[in-house]
Amino acid sequence: MKKKILLPAAVLLLLCIALTGVLTACNKGENTGVFASGVIPVQDEYGYWGYADSNGEIVIPCEYNYATAFNGEYAAAGRGSASYVIDSSGKQVAGPFGSVVLFGNDAIVSDLGADGYYIYTLSSGERSEIFDRYEYLPEPEAVRIETDASGGIVAEYRSVEGGAVQPADENASFFVQGSTQYIFEFGSMAVAGATNYAEPGECSVYNLETSTVANYAGVTDITPMPSADAAVCAAVTSSDAEGNTRVDFILPDGTFINGVYDVSLTDSVPGVTLARVAYNDAEKADGYFLFNDKAVLWQGEDISALNAPLLGSCYYTEEEGAFTFYTEYGAFTHTPEQIDGATVSFSSCTLAGEGAIAVSYAVIPAEGDISYRNVLLRLNEQGFAEVSDVSAFAEKKLSVVYVTEEWNLIVRNNLSGRYGVTDISGDTVVDIVYTGVRPLGGDFYAVKMGNAESVYKVGSGELMPFIFTAVCPEEAL
Amino acid sequence: MKKKIFIVITALVLVAALCGVLAACSNTDDEVFRGGVLILTDTNGRFGAVNEKGEEIIPFSFSFIMPFVGDYTLASYDGNFEDGMDAFFIDKEGNIAEGPSVTYTGKTDPSYTQGYIAVQDKYTGFMGIMDMNELAWSLRPIYDSVEINGNVAVAAMGSDYEIYKCDGALITSADYVTASRDYLLAYTLNEEEEYKDGVQIISLADGSVVADVQNVDYVGTLNGYTSLGYTVETADSAGAVTRTTRFVGSDHEFKATDGVGESVTYVWNNTVYVTTAGSDGASSSAPYDIYGTQIIPAGYEGEPQTVWTVSNMDNQTIRSVLRVGWSDGVGGYTYRYFDSLSAKEISLPQGATFDSCELIDDDENGNLYCYTSNALYSLVTESEGVYTAEVKELLLDFNFIDIDSISCGRYMTYTSMQGNHLMDLATREDLLTVGLSGGAEYIAPGYAMSMELAEHSSGISTVFTVYKLEDGSLSEMFTLNDIIGLGLLGII
C-alpha cells in the first residue's frame with residue numbers, strides 16, 4: 001500500500017487547475033474556478049443536461065440524461081443506457097460504455113451489455129484487467145476493487161491521485177476466505193476477512209493511511225458497529241491456540257484497544273460516537289471513548305466530565321470558563337468573553353459546514369434579561385483557530401446556515417426566507433434574494449431562484465440568466 | 001384606484017368595463033380601444049383584434065390576448081390566466097416580439113397599469129414587473145408575488161413586503177400591507193411583541209407617502225374599502241391610554257382617553273359606527289361619516305344588519321346597505337337604512353320594501369337606484385363627490401322585464417318584451433334596440449355594442465356592431481360577423 005493515500009483536497013484542486021490551465025475558454029467569459037474548463041453542466045427545462053459557458057450560451061447541447069463537471073480535460077455524460085467521456089468541445093472521446101466514473105485521466109468503466117469493470121486510461125486507451133465490483137471511497141480517496149475467486153474474494157485498495165487510479169500494490173491486495181465475508185471501511189481503517197463459527201477464520205485490519213496491517217487468525221467474530229452499512233468502529237474476536245478469547249476494539253483512526261471484554265456504543269451525534277469499553281481485567285474501570293472518523297476526541301473514566309449533547313451536534317466539556325466542543329470536524333476549545341456579573345453558559349452548537357461550528361452562548365446577568373451571543377468557530381490547517389462573533393446577524397434577521405471554505409457565510413433572511421452570502425462581518429457578498437445558494441468554490445456560487453439556477457460570481461453578480469433548471473449539481477462536481 | 005383585469009368571454013351579455021374613478025364618465029381614457037386596439041373573441045373562442053375602423057389588425061389565432069398597456073402586450077396560443085399559460089409578447093400587428101420568457105400559472109391575479117404588467121418569469125416562476133414598451137423587467141422577477149394597485153406595486157418575498165413604483169423605484173418596505181381603492185397602508189410590526197407600531201399611507205395614484213405615523217404603541221386597521229382608517233394608541237407618562245382613529249382623506253379624529261370620548265367600533269366604507277362614552281360611564285352609539293358628522297341620532301339597538309352588498313373581485317365589500325333598528329317602545333322596532341358608500345341614510349320609495357325593490361349600483365359613480373316591477377327610482381345621487389339621498393322617481397308605469405345596468409348616472413340597459421335596449425335616462429329615449437336574441441349594452445366610457453345571435457345546425461353566428469356614444473347619441477362605427485365577446489380590461 002502506498003504511503004499517504006490521502007491527498008489534501010487543496011492539492012487535488014491545484015492539480016485539477018493545472019490540468020485544465022491548458023484549455024482556452026471559448027469566449028470572453030469566465031475561465032476560472034468552476035469555469036476552468038470553460039463550461040459547466042446545465043440542465044434545460046426538459047430535464048436534459050448539456051454544458052454552457054459563463055454567459056449561459058449552450059456550448060454542448062442539452063441532450064444527456066446526466067453530465068458531470070469537467071475534471072481536467074474530460075467529463076462523463078450519458079443518455080439512455082450509454083455513457084460517454086466527452087471533451088469540452090462536446091466530442092465523445094470514448095464510449096459508449098455501460099457506466100463511467102471519471103477520476104481525471106482515468107475512468108472506471110463497464111462495457112455496454114457486459115459484466116465487469118476495468119480501468120480505462122483516456123490518454124493511451126489502455127484497459128486494465130476486468131474486475132467484478134468496485135467502490136469509490138471519497139475518504140481516503142481510493143477505490144476498492146473486488147474480483148470473485150474460488151473460495152472468496154480478491155480485494156485491493158488503490159489510491160486515486162492526480163486523476164489517476166494508482167497501480168496495484170501487492171500490499172494492498174488481500175484474499176478473503178470463509179463462508180461469512182466482510183469487507184468494510186471506517187475512517188482510515190479497512191477490515192477484510194471471514195469468520196465461520198465452526199471453523200475460525202482469518203481477518204486483516206488495514207490502516208489505509210499508514211499502510212500498516214494487523215492480521216488475526218482464529219477469528220470467530222467481526223462486529224462492525226453500529227452496522228455493516230455504516231461502520232464507525234469494529235470489534236474483532238479471535239481465539240488463540242490455547243483457546244483464550246481476545247477482543248480488539250478498533251477505532252477509525254487506527255487506535256487499537258486490547259484486552260476488551262465488552263464494547264457498547266452508548267450515544268452519538270452526527271459524525272461523533274461515544275463508546276464504553278469494559279475490560280477483561282475486572283479491576284480496571286470502564287473506559288469511555290468519544291471519537292469521530294479521524295481521531296479520538298476525548299477519553300476518560302469519568303463520563304460525568306463530558307456533557308451530553310442536549311442541543312445541536314456537539315459534546316462538550318467545560319473547564320475554567322473554557323468550553324471544548326467535540327464534533328464531526330474535531331475538537332474546538334473556546335473561551336467566551338466574560339462579562340462582569342454575568343454567567344456565560346453554553347446554549348447550542350450546530351455544524352456549519354467546511355469545518356466550522358456555530359455556537360450560541362446564553363449570557364445571564366445577575367439582573368435583567370438573558371441575551372445570546374453567537375460565535376462561529378472554525379478549524380484551520382493548524383487546528384482550531386478562527387473565531388468570529390456573529391451575534392449582530394440576528395438583529396439583521398439573518399440566520400447563518402453554512403460557512404464556506406472561503407470563510408464566507410451562506411445566510412437566510414428570516415423574513416423573506418431567501419438566501420444569500422455575507423462575509424464574516426455581515427457585509428453582503430451575494431444578494432440575499434435567492435431561494436437557495438450553493439458554494440461552487442472560490443468566488444462562485446450556484447444561486448437558485450424558484451425553478452431555475454444561475455452562477456453568481458462575487459463582484460460580478462449573476463453570470464447567466466435564469467434559464468436552466470440546474471447548474472453544476474453537487475453530484476457533478 | 002385599484003385596477004384588476006378580468007376577461008370577458010360571454011356569448012350574450014357584454015359586460016361593461018367598469019371604471020372606478022368618479023371622473024371616468026367624462027374622462028378620455030379609452031378602455032375599449034385601449035391603445036387603439038379592440039380585442040375580441042370570435043365564435044371559435046379565439047382572440048384577435050380590430051382597429052377603430054373595424055379592420056382586423058391582429059388575426060383571430062390566439063387563445064388569449066391581454067389588452068395593450070404599451071406598445072406590446074401578452075398573448076398565448078394555448079392557455080389563459082385562469083388555467084395558466086406560456087405567454088409571449090406581440091405588437092399591435094400581432095407579430096411576436098422578442099422579450100423575456102414569461103408565463104402565468106395562476107399564482108396571483110394578473111394586475112397592470114398603463115405601461116406595466118406584473119408577470120411571472122417562465123423559468124424561475126417568480127414575479128416581477130414588465131415594462132410593456134421596452135419589453136424589459138422594470139422590477140426583477142424575484143418575488144413570490146407582485147400586485148399592481150394603481151401605479152404602486154406590492155412585491156412580496158416571504159413575509160417581507162416591498163412597495164415600488166412600477167418603474168422599479170422603491171417607495172418603502174413593510175411587514176404588512178393593506179390596499180384599498182385609493183390608498184395603501186404599509187405597516188411595520190413591533191419585532192418583539194408583533195403588533196403594528198407604524199404605518200405609512202401611500203397614494204396609489206402616484207406612490208407618494210401621504211402620511212407616516214411611526215413609533216406609536218399600537219396601530220389598528222379599519223378596512224373601509226374607500227376610506228382606510230387606522231387607530232393609534234398612545235400612553236402618556238401617567239399611563240392614560242389614548243386611542244385616536246383617523247381616516248385617510250379626513251382631518252377628523254375620533255379620540256378617547258381611557259375609554260372616555262369617541263371610540264370607533266366598526267366601519268363600512270364611509271359609515272363609521274362610533275361609541276361615545278362620558279366620564280360618568282354612560283355611553284351611546286351612532287353612525288357618523290368619516291368627517292365626524294353624525295348621520296342619525298344615537299339609541300339604536302343591537303348590531304346594524306347588512307341587507308345588501310356589492311363586492312369586487314377580491315371579495316372586498318365596496319358598498320353595502322345597513323339596517324339599524326330603534327325600539328318603538330311597544331316591543332317592536334323601527335328600522336332605518338344606511339348606504340355605506342355615501343354614509344347617507346336612505347329611504348325607500350313609498351310602499352317599497354327590500355323584497356319588492358331591487359337595488360342597482362352605478363359603479364362609475366356613487367349613484368344608487370331601486371327598481372320595482374314598473375318603476376325606477378334614484379336613491380343616492382352623486383355630483384362632484386357630494387351625495388344626496390333623496391328619492392327621485394325616474395320612470396313610472398314603465399314596461400320592462402329587467403334592468404341590467406345603469407352607467408354614468410345616465411345610460412340604462414334594460415330588457416322589454418320587444419328586445420334589449422339602451423336608454424338615455426336624461427331624455428328617456430331608447431338609443432338602441434336589438435332583438436331578444438341579441439344584446440345592447442353601454443360599454444363605458446363612450447361606446448355601446450350590440451350583438452344579434454343566430455343559431456344554425458352547424459353552430460352559431462353573430463352580427464356584432466360597435467357604436468360611438470357621444471352626448472346621448474349613437475353613431476355606428478362598424479359591424480363584424482361571428483364575434484362573440486370582448487377581451488377587455490375591467491377596472492374596479
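This is a guided tour of a predicted two-chain model, stop by stop.

**Before you start**

Residues are numbered from 1 along each chain as its sequence is written, while chains are lettered from A and ligands numbered from 1 in the order in which they are written. Because the model is predicted, local features need pLDDT of at least 70 and side-chain atom pairs count only at pLDDT 80 or more, whereas totals for chains, interfaces and linings use all residues.

**Stop 1: confidence in chain A**

The average for chain A is 85, and 91% of the residues score at least 70. Now select residues 1-27 of chain A: there the pLDDT is below 50, and the stretch has 45 contacts in the model beyond near neighbours in sequence. Two residues are in contact if their C-beta atoms, placed from the backbone, lie within 7 Å.

**Stop 2: a sheet that includes E42**

Strands (E, at least two residues) are DSSP runs, numbered from the N terminus. Two of them pair if DSSP finds at least two bridges between them. Select E3, E2, E1 and E42 of chain A, which in that order form an open antiparallel sheet of 4 strands. E3 (58-64) and E42 (470-471) each have a single partner strand, so one side of each is left without a neighbour in the sheet. Inside this sheet, E2 (residues 49-52) and E3 of chain A are joined by 3 bridges, and A:Tyr51 stands opposite A:Ile60.

Next, pick A:Val471, which lies in strand E42. Is A:Val471 buried or exposed? A:Val471 is buried because 27 other C-beta atoms lie within 10 Å; the cut-off for buried is 20 or more, exposed means 12 or fewer, and partly exposed is in between, with C-beta atoms placed from the backbone. Leaving out residues up to four places away in sequence, A:Val471 touches A:Ile40, A:Val42, A:Ala446, A:Glu453, A:Ser454 and A:Val455. Select A:Gly56 as well: its C-alpha atom is 10 Å from that of A:Val471, although the two residues are 415 residues apart along the chain.

**Stop 3: a second sheet in chain A**

Select E23, E24, E25 and E26 of chain A, another open antiparallel sheet of 4 strands in that order. The edges are E23 (260-269) and E26 (296-300), each with a single partner strand, so one side of each has no neighbour in the sheet. Strands E24 (residues 272-279) and E25 (residues 287-291) run antiparallel, joined by 5 bridges. Look here for A:Leu274, opposite A:Leu290 in E25.

**Stop 4: hairpins in chain B**

Move to chain B and select E28 (residues 317-327) with E29 (residues 333-339), an antiparallel pair with 7 bridges. B:Arg323 has B:Tyr337 as its bridge partner in E29. The two strands form a hairpin with 5 residues between them, and B:Gly329 in the turn has a positive phi of about 85°. B:Phe338 stands opposite B:Glu345 in E30. In this hairpin 4 residues lie between the strands, and B:Ala343 takes a positive phi near 55°.

**Stop 5: where the chains touch**

How many residues of chain A are in contact with chain B? There are 12, and they contact 10 residues of chain B.

Notes: pLDDT = per-residue confidence, 0-100.
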